[in-house]
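The sequence and the coordinates come first, and the description follows.

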Amino acid sequence: MKAVELKNICFRYKGFKEIILNNVNMEALYGEITLLAGMSGSGKSTILNLITGIIPNIIKGDIKGEILINNENIIGKSISEISKMVGVVLQNADSQIIMPHVEEEIAFGLENMNMERENIKNKINEICNILSLNKNAKSKTLSGGEKQRLMSGAILAMGQKIIILDEPLANIDKFGAKILLDALKDLKNNGYAIIIIEHRLDMLMKYIDKIYDIKNGIINEIVDINKYLEDEKNIIKDNGVNLESNEKIFEVNHLIYKIKDKTIINNISFDINAGERVLILGENGKGKTTLIRLLSKMIKPTEGDIKQYITNKKRNWFNEIGIVYQNPNYQLFMPTVEKEILYNAKSKELAYSLLNKFDLEKYKNRHPLSLSEGEKRKLTVALVLARLPKVLFLDEPTVGQDYDNLLNMINIINEFRNKYKTTIITISHDIRCANSLCDKCIILDNELKIGNKELIDEFFRR
């Protein structure tokens, strides 16, 4: 039975001439997992917003065609009406979390459904067990991947038979991804309709029943699923040059970081040399983002010390570093893309060159927050590079990137590093690009591991 069907959908946003969707037809069935794939900015999130009623209830635009849920046209229905049938997990988990503790977040929707208290307790325990969540944990202390699992769990608990997930694997490690995907497979086998928007296709091969690929507003169903998934999981070749240097830029000695009684970083020591590319790996919640915050001086260690060596003593430390955060919305505040990248750029020439290289010049008059999540990510990388930092911190920079955009981003980052001798410290769960961002690999686990690229294969084979 058809759960969702789009019939001859054409759409453009209010105030724009560009047609985003052009005569789109697709369907998602109960008992299937459907993947919606395509390049960043191709219209995937627009389709999500149409199905959930965000368009036209919140975001305005011109719609032609029909959007059917359970064979009923939902155009004109309120978001609250649609949400009784469709559950959605957005790409930015932070924007959905409203309660201070994990169990309260899962309970929130169930309480609004007037579920009995005892049943709510049972459902919380069930979801936390399935997704390996600590029900007593504080929501704000979770890692990005754990937050993603929490919001997936909160939606799964509510029991809508149609579930849409926008980049659910974006910040999740291999272990967490398998947990979530196995849970979705069980739901599919119990008659749920599941639609996934995702770029990390290497993890999806065993789970997908149907693929729609969207390009330039036109959608096509993929006939040979295995070939499509194989073509999109190529490993990116490393185009970085050898910048061997004995000049230290970080010296970490017996570093410990605790939050109350919880130890996040436990007595680690290592050095980073100038111009080195350091890849930080580890499962969700192991302290990767915390380590970047410590190295960048955003927070202070509980014990131990970090010596940072900057050659230009006249400049403030924070003028010497650039940070690309996991959530791009934290960095975008100017009224246009053009003004965003010019703010703090070393030169207009460099700023416009980066806009062109990241294929963002066409959006220069757009508000940054109107871009797709993948385009926002490209913009944050571009604007940080435009500052010419001596040290570049990248926290999951490749989220929301299809293969072509991912390849382009990695090449730009490495060319930038080759030219300016920048030290790059990256967190990533993306196996496609890990090798091409690494001279030294640091694995945060129960026991610290430090080595070369060979550690990457060891980590992803687990």
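Where is serine 296 found?

## Serine 296

Serine 296 is found in the loop between helix H9 (288-295) and E14, where helices (H or I, at least four residues) and strands (E, at least two) are DSSP runs, numbered from the N terminus. Serine 296 counts as buried because its relative accessibility is 0%; buried means under 20% relative accessible area, exposed over 50%, and partly exposed in between, with a 1.4 Å probe and protein chains only.

Leaving aside neighbours within four places in sequence, serine 296 is in contact (heavy atoms within 4.5 Å) with Trp317, Phe318, Ile321, Ile323 and Phe393.

## Basis of the model

This is a predicted model, in which local features need pLDDT of at least 70 and side-chain atom pairs count only at pLDDT 80 or more, while totals for chains, interfaces and linings use all residues. Residues are numbered from 1 along each chain as its sequence is written, and side-chain values use heavy atoms, with hydrogens and water left out.

## Glycine 304

Strand E14 (residues 303-308) contains glycine 304, which is partly exposed, with a relative accessible area of 40%. Although glycine 304 and valine 252 are 52 residues apart in sequence, their C-alpha atoms are 7.9 Å apart in space.

## Lysine 210

Lysine 210 lies in strand E9 (residues 210-215) and is buried, with a relative accessible area of 8%. Not counting residues up to four places away in sequence, lysine 210 touches several residues, among them Glu27, Leu29, Glu32 and Glu221.
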